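Please look over the sequence and the structure before reading on.

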Number of protein chains: 2
Amino acid sequence: MVLTTVDLSSLERRYRTNLINSIGGFKSLVLVGTKSSEGKENLSLFSSLVHIGADPALCGMVVRPNTEGQNTLGNILATGVYTINHVQAEFIEKAHQTSAKYPEGVSEFEAVGLTPEYVEGIAAPFVKESIIHFACELVERIPIEFNQTHFIIGKITQVMVPDSLVGPDGFIDLESAGTLTCSGLDSYHATTRVIRLPYAKP
Amino acid sequence: MVLTTVDLSSLERRYRTNLINSIGGFKSLVLVGTKSSEGKENLSLFSSLVHIGADPALCGMVVRPNTEGQNTLGNILATGVYTINHVQAEFIEKAHQTSAKYPEGVSEFEAVGLTPEYVEGIAAPFVKESIIHFACELVERIPIEFNQTHFIIGKITQVMVPDSLVGPDGFIDLESAGTLTCSGLDSYHATTRVIRLPYAKP
């Protein structure tokens, strides 16, 4: 099918949401852990994480404004700290369930049955069940005016990965970790390596 | 292993690049097609595409400033138009090869053996070999000052997907299309669905 701007805007709302959420390809799937300034934990599933740079180590994330029971942005702005946790198949249902709109004050950790874990010096909770995780410190929030979302830039301050998954060149074997990817709003996928290629030269 | 900010900054450069490029999880893998104002075609591999919103249909992408033979940013700023093309296993070597630093004026389409394809009303070239593709119109460029990259926001103006891949709810079956994902700088992966889950309710 070929759809132009006019076609896209006239699509049924749910259909367009699924289509446009799928069209960008497979996405990074992570649980973002935060804590409010009153100490309430929050855990949310995101598929909008991107690499920005390695030195300094920076990543970006598109975040919606706070809505009922969704306090990731508010907590990040209040505390400046968040954790990023990879998702494996063993707890994909629990990870997906964090996207439900729980009432204010309910911890998604408790509601879905995942375990918060703390590391000295980092105020936000990690997900214990996750094999690969890291912590970020907010360095910039950029409002995206077209749809009231925000692009959050974080500096990576702590990386936690099992030694056995890190190659001699620093490459992390996400596939052996069982890290999942996602497509659309609700489809979760494991991976199989096709090829790893050497640095390209003309 | 546990690495703090200080540890990260003292890592050997290439090791850190691989590690930080892997840590964010699997990424969207796309070829971005552009044309200069003089009509020269350019094709580059990107792994930083993110969904921003469905209505209006918006996506974001982290782009480095122009360096030798890498004119994606310059072309997008000059013409306001670019195409996004999914990558399948059949041409992954060619897609990877577009990341080589070709001299100014060399078209990566020609250099790697992929076919530019044009659609009426869109000035940038699509990749004919790609099964799923769409066109974007630049709506905003946000400089990221920490490392001189740019976050480019595009409005999706044309979607081209085979009918057989689009479900009744608008979900696109990327897996059946053979769309690949990537990890780190150079590792390419096919996917196998683990599960698709219904809308989560408390």
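## Chain A as a whole

The structure is a predicted model, and every value given here was computed from it. Chain A holds 6 helices and 13 strands. Its radius of gyration is 18 Å, close to the 17 Å that the globule rule gives for 202 residues, so chain A is as compact as a globular protein of that length. Taken along the principal axes, the box filled by the C-alpha atoms of chain A is roughly 50 × 50 × 35 Å.

Of the 202 residues of chain A, 57% count as buried, and the accessible surface of this chain comes to about 7,900 Å², with 51% of that area belonging to carbon and sulfur atoms. When contacts in chain A between residues at least 6 apart in sequence are considered, 59% of them join residues at least 24 apart.

## How the two copies are related

Chain B is superposed on chain A by a rotation of 180 degrees with 0.0 Å of shift along the axis, and the RMSD is 0.0 Å. That is the relation of a two-fold axis. The same surface serves both copies, since 100% of the contact residues of chain B recur in chain A.

Which residue of chain B comes closest to the rotation axis? It is Thr191(B), whose C-alpha lies at 2.1 Å from that axis.

## A sheet with strands from both chains

An open sheet is formed by 6 strands in the order β2(A)-β12(A)-β13(A)-β13(B)-β12(B)-β2(B), and the pairing is antiparallel. At its edges are β2 (27-28) of chain A and β2 (27-28) of chain B, each of which pairs on one side only.

Within chain A, strand β12 (residues 181-183) and strand β13 (residues 187-196) pair in the antiparallel sense over 3 bridges. In this part of the sheet, Thr181(A) stands opposite His189(A), a residue of β13(A).

## Helix α2 of chain B

Among the buried residues of α2(B) are Tyr15(B), Arg16(B), Leu19(B), Ile20(B) and Ile23(B).

The N-terminal end of α2(B) is capped by Glu12(B), a side-chain oxygen of which lies 3.1 Å from the backbone nitrogen of Arg14(B). After the helix comes Gly25(B), and the phi of this glycine is positive, near 95 degrees.

Methods
Residues numbered from 1 in each chain as written. Chains lettered and ligands numbered in written order. Predicted model: local features only at pLDDT ≥ 70, side-chain atom pairs only at ≥ 80, totals over all residues. Heavy atoms only, no water. Least-squares fit on C-alpha atoms with pLDDT ≥ 70 in both. Contact = heavy atoms within 4.5 Å. Buried < 20%, exposed > 50% of the residue type's maximum accessible area, 1.4 Å probe, protein only. Helix = DSSP H or I, 4+ residues; strand = E, 2+ residues; numbered from the N terminus. Polar contact = N/O pair within 3.5 Å; in protein donor to acceptor, adjacent residues only side chain to side chain. Pairing = 2+ DSSP bridges. Rg over C-alpha atoms; globule rule 2.2 N^0.38 Å. Areas by Shrake-Rupley, 256 points an atom, 1.4 Å probe, with all protein chains shown as cover.
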